[in-house]
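Subject: Structure for your review

Dear colleague,

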Amino acid sequence: MNREEVQLLGFEIVAYAGDARSKLLEALNAANEGDFDKAEQLTEEANECIANAHKAQTNLLAQEAQGDDIAFSITMIHGQDHLMTTLLLKDLMKHLIELYKKGADPYE
């Protein structure tokens with residue numbers, strides 16, 4: 001896999017992870033406003049984005065496992081960083097939304 005292909009996968013991961021992050025933060029805002037149906041819908045949409053980012057990541061990992069030489073790319077590292085932080089955000093949002101459902105203010 002050449003450098004350009006790795007960069008394109010990196011951009012793909014950044015895009016999907018960024019979309020997921022935005023949807024998760026929107027979900028938190030919806031929960032804060034008491035719109036838990038919207039929060040759930042946005043969380044599901046975020047999960048789809050995360051799944052697409054994982055597909056791109058898995059493609060890269062599979063090629064490397066098959067012995068392909070994978071070119072180094074800062075873009076790919078950036079994509080991996082975005083995906084990891086989005087996964088952490090997803091876990092936190094789940095708990096924060098549950099707190100909103102219980103009527104607790106997580107910021108107090």
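Apart from neighbours within four places in sequence, Ala39 makes contact with Ala27, Ala30, Ala31 and Ile97. Please note that the model is predicted.

Ala39 also belongs to the largest nonpolar core, which has 26 residues. Within this core, the residues that touch the most other members are Leu9, Ile13, Ala39, Leu60, Met76, Leu83 and Met93. Helices α1, α2 and α3 (74-102) each contribute at least two residues to the core. The largest share is that of α1, with 10 residues.

**Packing of α1 and α2**

Two packed helices are described by the angle between their axes and the distance between the axes. For helix α1 (residues 3-32) and helix α2 (residues 36-65), the axes come within 8 Å and cross at roughly 165°. Because angles over 145 degrees count as roughly antiparallel, α1 is roughly antiparallel to α2. Their crossing is left-handed. Sorted by class, the residues in the contact of α1 with α2 are 19 nonpolar, four polar and six charged.

**Leu28**

Between Leu28 and Gln41 the separation is 13 residues in sequence, and their C-alpha atoms are 11 Å apart in space.

Yours sincerely

How values were computed. Residues numbered from 1 in each chain as written. Predicted model: local features only at pLDDT ≥ 70, side-chain atom pairs only at ≥ 80, totals over all residues. Heavy atoms only, no water. Axes fitted to C-alpha atoms, helices over the stretch in contact; angles between N-to-C directions. Helix = DSSP H or I, 4+ residues; strand = E, 2+ residues; numbered from the N terminus. Parallel < 35°, antiparallel > 145°, perpendicular 65-115°, else oblique. Left-handed = near helix turned anticlockwise from the far one by under 90°. Nonpolar A, V, L, I, M, F, W, Y, C, P; charged D, E, K, R; others polar. Core = buried A, V, L, I, M, F, W, Y, C linked by side-chain atoms within 4.5 Å. Buried < 20%, exposed > 50% of the residue type's maximum accessible area, 1.4 Å probe, protein only. Contact = heavy atoms within 4.5 Å.
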